[in-house]
Structure formats: C-alpha cells, structure tokens
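Please look over the model shown here. The report that follows covers its salt bridges, pockets, cores and overall layout.

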Amino acid sequence: MKKSLIALAVLGTCGAAMAQSSVTLYGMADVWVGRTKAEATVGGVSASASESVLESGGFNTSRLGFKGSEDLGGGLKANFNLEGALAMDNGTAGGLRFDRQSWVGLSGGFGEIQLGKPWTPYDDTRAMANDTFNANFAASWTTWLFYEDNPNNTIRYNTPNFGGFSGAIAYSLGEDRASSPNNSASNLVSLSVNYANGPIVAGFAHQSQKVEGLNGLDSTGILTGLAATGKTTYNLLNGSYDFGMLKLVGGVNQVKVQPDGVADVKANEWNLGVDVPVGAGFDIGVGVARSKVESSGVDLTTTTGFSIGAKYTLSKRTFLYAAFNRTKTEFETLPGDEVKGTLFGLGIQHNF
C-alpha cells in the first residue's frame with residue numbers, strides 16, 4: 001500500500017514537471033525541380049551553360065529543429081532552439097549540424113536573452129518585409145550583397161513588444177585575437193527597431209562586422225580581396241502595407257566596406273515588391289531589386305534582379321509553388337562585360 005502511494009506521488013510529481021515544460025519537434029521539407037542557366041560575356045566573348053536540376057530548398061531552406069521551454073515560475077522561462085538544414089534531394093544534413101540556430105536563454109517580463117547562435121536582428125528585419133514572399137528566389141536575395149545572418153558566439157537581447165514596437169541587439173565574439181595583426185579580436189554588432197501592427201510593418205536595422213583575425217566575418221568578399229582587416233556596415237530601412245487586395249513591400253539598404261589602408265567600397269541597394277491574392281489559396285508575388293557598387297566616385301558594378309513566384313495552398317501545412325528569377329550583373333569599368341543567371345522551377349513544401 002505504501003509502495004503504491006509512493007509510486008503515485010512520484011508520478012504526480014513527474015506529471016507536474018512535464019506540465020511546466022515542453023519540447024517540440026518541427027521541420028520543413030521543400031523540394032523543387034527546374035532549370036538553371038548561367039551566361040557570361042567577357043572581353044566580347046560569350047559563353048553559357050544550363051542544367052536541369054532537382055534540389056532542396058527552392059522556396060525556403062529545408063530544416064529539422066527542436067525547441068522547448070520550461071516554466072521556472074514568476075513569469076520566468078528557460079528556452080532553447082536547435083535547428084539544422086536538410087538536403088532533401090540527397091537525404092543528407094551535413095552531419096545534422098545545428099548551424100541554423102543553436103541557443104539557450106531566459107525570457108520574462110524583461111524580454112528575452114539568447115546565448116549561442118541565433119539569427120541577427122538585421123536578418124530578422126530584412127526577412128519581415130521582403131519581396132516575392134521572402135522566398136529564396138526573391139530578387140533582393142539574388143541581387144543585394146551578402147551579410148552574416150547567424151554568427152557564432154552570440155549574445156542577443158530581445159525587448160518586449162510595446163504596442164507593436166519591438167527591438168533587439170546582438171553582439172558576437174570573434175575569438176580570434178591570437179591571429180590578429182592588430183592584437184584585437186573580430187566582432188559583430190547587430191540591432192533593430194521594428195513596428196508591426198495591423199496592415200503596417202516597418203523596421204530599421206544596423207549591422208557592423210569587424211574583421212581583425214582569421215574568424216573575421218567578410219560576407220561580401222570585397223574586404224578579403226583588398227585588405228587583411230577592416231569593417232563592413234549595413235543600414236536597412238524597409239516596410240510593407242497590406243491593402244487586403246494586395247501587399248506592397250519595399251526597402252533601401254546601404255553597405256559600406258572599409259578596408260584598412262584602402263579606399264572604401266559602397267553599395268546602394270533597393271527592392272520593391274507586391275504580393276497579390278488572386279483566388280482561394282492562390283497568391284502571386286513579384287519583386288525587383290538593384291545593387292550599385294562604387295568606390296571613390298567610380299561605379300564598379302550594377303546588379304539588377306527580377307523575380308516572380310506563385311503559391312497554391314493545399315492545406316495549412318502544404319503548398320505548391322512556381323518560381324522564376326533573372327539576375328544580371330554589369331561591370332561598369334569594363335563596358336560590355338556582364339554575368340546573367342536565370343532560374344525557373346516548380347516545387348512543393350510541407351511543414352510539420
């Protein structure tokens with residue numbers, strides 16, 4: 001009798017503990033089939049190559065993740081998130097590295113703290129208002145300069161939501177002082193202020209990536225080609241307005257690459273898009289984007305992109321899509337030289 005009572009007490013305690021915590025397995029399976037074409041003209045000589053492909057992550061990157069939360073009492077919670085990319089076309093996951101997200105932290109009335117490898121606030125702001133459904137084939141993703149979206153060794157703080165306003169700041173440690181010629185470590189700082197309420201979404205984000213050693217983050221590739229150390233900064237202003245019959249999306253971005261001892265390189269970028277629901281479960285998104293790079297008043301390259309996508313929803317978790325993207329880079333200092341890329345595909349995405 002006593003053993004039964006003890007067993008019941010233990011079960012009751014375990015049940016209470018389980019009720020206060022949760023772990024969720026989630027994922028996304030995205031596969032597309034289509035055709036890609038690359039064209040280049042250099043010194044008056046043209047060449048092209050095209051290929052039929054079946055690949056993973058046409059609309060969004062396929063992924064597998066675990067996330068959980070434990071109620072610590074008094075409004076305080078412990079949280080974690082582990083998320084890795086999947087390659088649906090060959091069944092691999094790079095050893096299932098959780099390199100998309102891997103962090104643990106605390107949340108409460110003060111906001112949230114995340115420690116590990118979260119997304120940067122700049123990345124969040126860019127993704128919340130982007131052309132062509134913010135899909136991987138969106139014009140801005142294939143046109144604008146690259147940036148670091150989820151650096152290692154990061155401390156991130158998210159503010160509570162105040163009537164639609166929210167903010168975030170993150171600091172990432174390079175941990176590469178030993179390899180630095182200046183005896184200082186690389187770092188990344190990212191911050192954002194966003195507003196989302198009703199049909200209006202607007203945000204400003206800033207990110208600074210300082211390269212001092214081997215682990216410095218040179219996402220654009222420009223800095224590495226010019227100097228061993230330096231800094232790259234990004235300033236983004238974007239937003240959207242949902243009219244019901246359509247949603248307008250737009251943004252402007254400026255990138256400044258400052259190599260130590262060499263002239264700065266700047267990029268002025270913009271994108272504009274419209275998403276239109278045209279029927280039950282059927283939506284079309286269109287986007288155009290441009291990135292113009294210059295140094296010391298001299299134009300270097302101009303990259304222009306156009307994208308169009310269509311979604312047909314089969315259920316809350318599954319949809320079909322069609323995608324088209326055309327991107328062209330012109331080399332201003334070498335008239336006539338250009339590189340073009342074209343993508344067309346049909347795909348399916350399932351969320352679980």
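## A buried arginine and its partner

Arg-156 counts as buried, at 7% relative accessibility. Here buried means under 20% relative accessible area, exposed means over 50%, and partly exposed is in between (1.4 Å probe, protein chains only). The model is predicted: local features need pLDDT of at least 70, side-chain atom pairs count only at pLDDT 80 or more, and totals for chains, interfaces and linings use all residues. Residues are numbered from 1 along each chain as its sequence is written, and side-chain values use heavy atoms, with hydrogens and water left out.

Arg-156 forms a salt bridge with Asp-124, and the closest N and O atoms are 2.7 Å apart. The pair links distant parts of the chain, with Arg-156 in strand 7 (residues 154–158) and Asp-124 in helix 2, 32 residues apart. A salt bridge is a side-chain nitrogen of Lys or Arg within 4 Å of a carboxyl oxygen of Asp or Glu. Helices (H or I, at least four residues) and strands (E, at least two) are DSSP runs, numbered from the N terminus. Asp-124 is partly exposed, at 29% relative accessibility.

## Other salt bridges

How many salt bridges does the rule give? The count comes to seven. One of them joins Glu-83 to Arg-100, with the closest N and O atoms 2.7 Å apart. Glu-83 lies in strand 4 (residues 76–85) and Arg-100 in the loop between strand 4 and strand 5 (101–108), so the pair ties together parts that are 17 residues apart in sequence. Glu-83 counts as buried at 3% relative accessibility. Arg-100 also counts as buried, at 14%.

Glu-39 forms a salt bridge with Arg-326, and here the closest N and O atoms are 3.0 Å apart. Glu-39 is in strand 1 and Arg-326 in strand 16, so this pair ties together parts that are 287 residues apart in sequence. Glu-39 is partly exposed, with a relative accessible area of 22%. Arg-326 is partly exposed too, at 28%.

## Largest pocket

The largest pocket holds about 630 Å³ of space. It is lined by 19 residues, and the closest to its centre are Arg-100, Trp-119, Asp-123, Trp-141 and Asp-149. On a 1 Å grid over the protein atoms alone, a cavity is a set of points where a 1.4 Å probe fits but cannot get out, and a pocket is an open set with protein on both sides within 12 Å along at least five of seven lines; lining residues have an atom within 4 Å of a point. Grid points are joined across faces, edges and corners, and a volume is the space filled by probe spheres set on the points.

Helix 2 (residues 121–128) gives the largest share of this lining, four residues. The lining of the largest pocket divides into eight nonpolar, five polar and six charged residues. Ala, Val, Leu, Ile, Met, Phe, Trp, Tyr, Cys and Pro count as nonpolar, Asp, Glu, Lys and Arg as charged, and the others, Gly among them, as polar.

## Second largest pocket

The second largest pocket has a volume of about 280 Å³. Its lining has 17 residues, and Thr-36, Phe-137, Thr-142, Asn-325 and Leu-343 lie nearest its centre. Strand 1 (21–42), strand 16 (318–331) and strand 17 (338–351) are the elements that give two or more residues to this lining. By class, the lining of the second largest pocket has six nonpolar residues, 10 polar and one charged.

## Nonpolar cores

The largest nonpolar core has 16 residues, of which Tyr-122, Tyr-234, Val-255, Val-257 and Ala-267 touch the most other members. The elements that give it two or more residues are strand 10 (200–211), strand 11 (230–242), strand 12 (247–259), strand 13 (265–279) and strand 14 (282–295). Apart from this core lies another, of nine residues, among them Trp-32, Ala-135, Phe-137 and Ala-323. A nonpolar core is a set of buried Ala, Val, Leu, Ile, Met, Phe, Trp, Tyr and Cys residues joined through side-chain atoms within 4.5 Å.

## Overall layout

The chain has four helices and 17 strands. Its C-alpha atoms fill a box of roughly 90 × 55 × 45 Å, taken along the principal axes. Of the 352 residues, 39% count as buried.
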